[in-house]
Amino acid sequence: MNPFIKIIYINWPLQILILATALFGFLMLYSVSGGSWEPWTKPQINRFFISFILIFVMSAISISFWQKISPFCYILGLALLIAVYFYGDTGMGAKRWLDLRVIKLQPSEAFKISMVMVLAYYYHKLPVNKVSHPFYVLVPLLLIIIPAFIVFRQPDLGTALVIIMIGIFVMFIAGVHFGYFLFGGFSFFTLLFILFQSRGTDWQLLKDYHFRRIDTFLDPSADPLGAGYHITQSKIALGSGGLFGRGYMQGSQSQLNFLPEKHTDFIFTTLAEEFGFFGTIGLLIIYSLIVAFCIFSALATTDKYSRLLITGLCMTFFTYFSINIAMVMGLLPVVGIPLPLVSYGGSSMIVIMLSFGLIQSAHVHKNVGF
Amino acid sequence: MSKFKDTTLKSKLIRRVHRRIVLAGLLKASAVALLGWNIRKLQIEDSEDYKLLADANRVNLRLIPPSRGLIFDRLGTPIALNEQNYKVVFIREQAGDPGKVLKRLANIIELEQKRQEKILQDMKKRSSFIPITVAENLTWKDFAKISVNLPSLPGIIPEVGLTRHYQEYESYAHIVGYVGPISDKDLESEKPVDPVLQIPKFQIGKVGVEKKLEKHLRGRAGVSKVEVNASGRVMRELNRTQGKSGENIHLTIATNLQKFASERLKGMSASSVLIDINSGDILSLVSTPSYNPNNFVLGISQSDWSALLNDERKPLLNKATSGAYPPGSTFKMVVAAAALELGLIGLNDKIFCAGFYELGSRNFHCWLKGGHGKLTLQEAIQKSCDVYFYELARKVGVKRIGDMARRLGLGQAYNLPLTGLSKGFVPTKKWKKERFGTSWLVGDTLNVGIGQGFSLATPLQLAVMTARLASGKEVTPNIIKNPNKNVGDPKALSIKENTLVAIRKGMFNVLNEKEGTAFNFRTTDKNFLIAGKTGTSQVRRITREEREEGVIKNEDLPWKMRDHALFTCFAPYKNPKYALSVVVEHGGSGSKVAAPIARDIMLFQLYGGIPPVTAYPEKQQLEVRNRLMDIEKKINSRTNINPNI
């Protein structure tokens, strides 16, 4: 089929929703920079439109191609994770960034895609009767745990947990027996218990600042000017927005620098303060629609690889925005997770657009088969 | 395994995957619902609380200092005013390299290397947006130079502030006083605390009228509501409540007279007070040496401060109101008035002076060794005979002398807005018993009779006493002009006119009769005849041996041991308008030192300017002309009044 004709079969509502979310982002970045295209709005717009075109290009490429390269993507992703561990730039006490000259890449973000790809590939190839076989459960678990451990050692606990969560989720969708998940859940809570028990002992399993963040999360008012400052100020910004918000570029909390990271992780608070309840719920609805269209798309596909790929990547997208919003509202501890398509930042933008490229490719080729 | 089983397993798994995708979708939906519910709680339910918190975050109140009330003299010449203080401040964040900018600034104005280092140090300690004062009290020329060069001085901001400035400072220092930055001690004594005092380094009155009328002069602070960002920087002003400037104060002092008196007393440790007899207005109140109150406004240096403190002539002390001296012979009018009022002596009754007065084994001496012979009361005042007043004092008794002294204004502080007002002292028998545990002796009464011993009076009190004798009214001094209050005539003293006339005549003779103690310092203008009384108060005891060998002359004594010279007078004699007292500390004899000063000051007031030499006796005219011309020159060269203000 002619690649240009394929574009007609693209999931247009999804594409439009992506554009709408990005527009929200431009609007907010323009506001937090005090009504200026620099330093954030312009680069963000450039990045977005380049990667927006990338989605069309990727969707024109056959899904079988993406399926074939999945294992290589995984190996490349793992190699980058190891590389960043040894050669990465250190920022905020963690090695997360890899300077590839052209772009500064955060391999742990990109890895989420390759992991979903390899798991989808794995279950696509795996005979159906072996899905719940213990050995064939262990293999994908290792595929998840090994990179998650590397990310955890960067150290980036948040992303490591998200990687595990997405991986387990793909396994769940793939149809692994329910008993494994019950057992896994039980072990998880046991581990959590042991983690907290280890605090202050010489075999402490987490760094001190992890524990402090958890403390802050549990009671932000205990230290309103110290570690709890961000959450307290963020909640003030959210709450003061009210029903209709304080007006575009009128949010005192964000315009007066009370908010931390107002252009990246905390941009949702600016939106909430300036556009109020209607703004926040509006964005939440757009996000939900994106997820919903992905799910419909997944259910419509005929092959297992596409189905798992779409659900897995959709889950990645879902974790981004749900964790970010929960975080700024103080429902989850502050972990460095951006608001997808809205927060300023190249790495997360590329990763999200790449995953939408794959989702669109699967969508376009859903009836074509192999 | 059959192909059939394989297919059923496959379709079973496909159904499971479908189910699980839908299940996951539902879970996601519920997660989104949870988020939405939380957003609703924050943004709708608790929104009002968070709005208040957001306002508390961003709104800050700033006080705008009120402009302090000005102080004028009786003619409206400004004495204390708020001068524009040209200064430059430096904001670090606006300067690329602060060190470089300061170096460039040092090429334009004088800025020592040390000061530059200090500024850079100060900057490091504070947030980068806090302005640091680099230089103050710049001349307009320097200020303009900086303003022109601003483009090459990033971070430097020229500002205009208000600072207290005192005109004619030397002659007014003791009356007006000065302001200075508020101290913790000042804050403690203020209750309730005026919010304006919380402005750092806010200037409040420390001494004199500035202190006493602080409440009137200060005014009320304005409030500016400003929006600040997270690091406390002001972003914009939301609204502003105007404060109220302080009230202006008009003094009763006449500047030209004040300056003349200051200049006349220059070089001495002396004071003078001139009162308008009819209104009680203090037209001049001078104490020398003086100091420059402007030095205190921006903080005085330690060396200047200790120099002022250690000066034996006490420049900081307002001698006219805080200095209490034995009144000496000027007190004799009090004794005379008491005796006449009580009818203890007639105008023609005479007392014999042999040069000393015997009391038991002790002799009380008259200043004239050979004695005055027989004297009437008027002659006794004229010649200032001591023995006459020993006798008279003994007749009247200390209690009744004290009563008369108080009636004439001694032994009390007046309600004046000046700091350190002394009450002087009128002794009583009871006081001596309590203070020393010994009984009052007749000798004590004799000493009181000639103004020695325990009694003390301030120059202001002597002027008031003279004003009361001259007018027969209860003249009370005031230093603040009050245009609203129509000051009625002061009430009468209820002293018989005859008594007053006799005493005035005695005082007239002091200057205008051949044997008067101040005959040398009479005036020749018939319209402006002065009546007065000399006084010399001892600050040391003269022993019997010394008296026998001859009392040591003042000139031969160390300064601190010399007598105080006093003179108090009123004029014109026929129609008294002004009362004046002059005290020269350790000046020597009142007749030689204080009287000529008093005559110059009084004539200046009577003529409304430098008096003509024709008002002086012919023999003195040459000397007087030189002296007056000298003073006139000095006054004119010192004039720094800006008539436009």
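One definition before the details: a helix here is a DSSP run of H or I with at least four residues, a strand is a run of E with at least two, and both are numbered from the N terminus. With that counting, S329(B) sits in the loop between α13 (319-322) and α14 (332-342) of chain B. I will come back to that loop. Please keep in mind that this is a predicted model.

First, the two chains. Chain A has 370 residues, and 50% of them count as buried. Its secondary structure is 14 helices and three strands. For contacts in chain A between residues at least 6 apart in sequence, 70% join residues at least 24 apart.

Chain B has 645 residues, with 41% buried. In chain B there are 24 helices and 19 strands. Of the contacts in chain B with a separation of 6 or more, 74% are between residues 24 or more positions apart.

Now, how do the chains meet? The contact involves 35 residues of chain B and 39 residues of chain A. On the chain B side, α1 (3-45) and α2 (47-58) each supply at least two residues. The biggest contributor there is α1(B), which gives 21 residues. Sorted by class, the chain B side has 16 nonpolar, nine polar and 10 charged residues.

Staying with helices, let me turn to a pair inside chain A. Two packed helices are described by the angle between their axes and the distance between the axes. Helix α7 (residues 157-174) of chain A and helix α13 (residues 304-328) of chain A have axes that come within 10 Å and cross at roughly 145 degrees. The crossing of α7(A) and α13(A) is right-handed. From α7(A) the contact residues are V162(A), M165(A), I166(A), F169(A), V170(A), I173(A) and A174(A), and from α13(A) they are L308(A), T311(A), G312(A), M315(A), T316(A) and T319(A). What classes do the residues of this contact fall into? Nine are nonpolar, four are polar, and none is charged.

Is S329(B) buried or exposed? It is buried, because 27 other C-beta atoms lie within 10 Å, and 20 or more is the cut-off for that word. Leaving aside neighbours within four places in sequence, S329(B) is in contact with S384(B), I450(B), G451(B), K533(B), T534(B), G535(B) and T536(B). There is also S537(B): S329(B) and S537(B) are 208 residues apart in sequence, yet 7.6 Å apart in space, C-alpha to C-alpha.

One of those contacts, S384(B), has a backbone point of its own. Most residues other than glycine have a negative phi, and most peptide bonds are trans. S384(B) is not a glycine, but its phi is positive, near 55 degrees. The residue is in the loop between α15 (377-383) and α16 (386-396) of chain B. S384(B) is buried, since 28 other C-beta atoms are within 10 Å.

H586(B) is also a non-glycine residue with a positive phi, about 50 degrees. Its place is the loop between β19 and α23 of chain B. H586(B) counts as buried because it has 21 other C-beta atoms within 10 Å.

On to the peptide bonds. In chain A, a cis bond joins E38(A) and P39(A), with omega about -5 degrees. P39(A) is in the loop between α2 (12-32) and α3 (41-60) of chain A. In chain B, a cis bond joins A571(B) and P572(B), with omega about -15 degrees. P572(B) is in the loop between β18 (564-571) and β19 (578-584) of chain B.

In soluble globular proteins, nonpolar side chains tend to be buried together. The largest nonpolar core here has 126 residues, and those with the most contacts inside it are I275(B), V335(B), L580(B) and A594(B). Helix α23 (residues 590-607) of chain B gives the most to this core, nine residues. At least three residues come from each of domain 1 (62-249) and domain 2 (255-290 + 318-638) of chain B. Apart from this core lies another, of 108 residues, which includes V116(A), I144(A), A362(A) and V17(B).

As for A594(B), not counting residues up to four places away in sequence, it touches T534(B), A565(B), L566(B), F567(B), V582(B), V583(B), V584(B) and G587(B). T534(B) was also on the contact list of S329(B).

Notes: Residues numbered from 1 in each chain as written. Chains lettered and ligands numbered in written order. Predicted model: local features only at pLDDT ≥ 70, side-chain atom pairs only at ≥ 80, totals over all residues. Axes fitted to C-alpha atoms, helices over the stretch in contact; angles between N-to-C directions. Left-handed = near helix turned anticlockwise from the far one by under 90°. Contact = placed C-beta atoms within 7 Å. Nonpolar A, V, L, I, M, F, W, Y, C, P; charged D, E, K, R; others polar. Core = buried A, V, L, I, M, F, W, Y, C linked by C-beta atoms within 7 Å. Buried ≥ 20, exposed ≤ 12 C-beta atoms within 10 Å, placed from the backbone. Domains from an automatic or database assignment.
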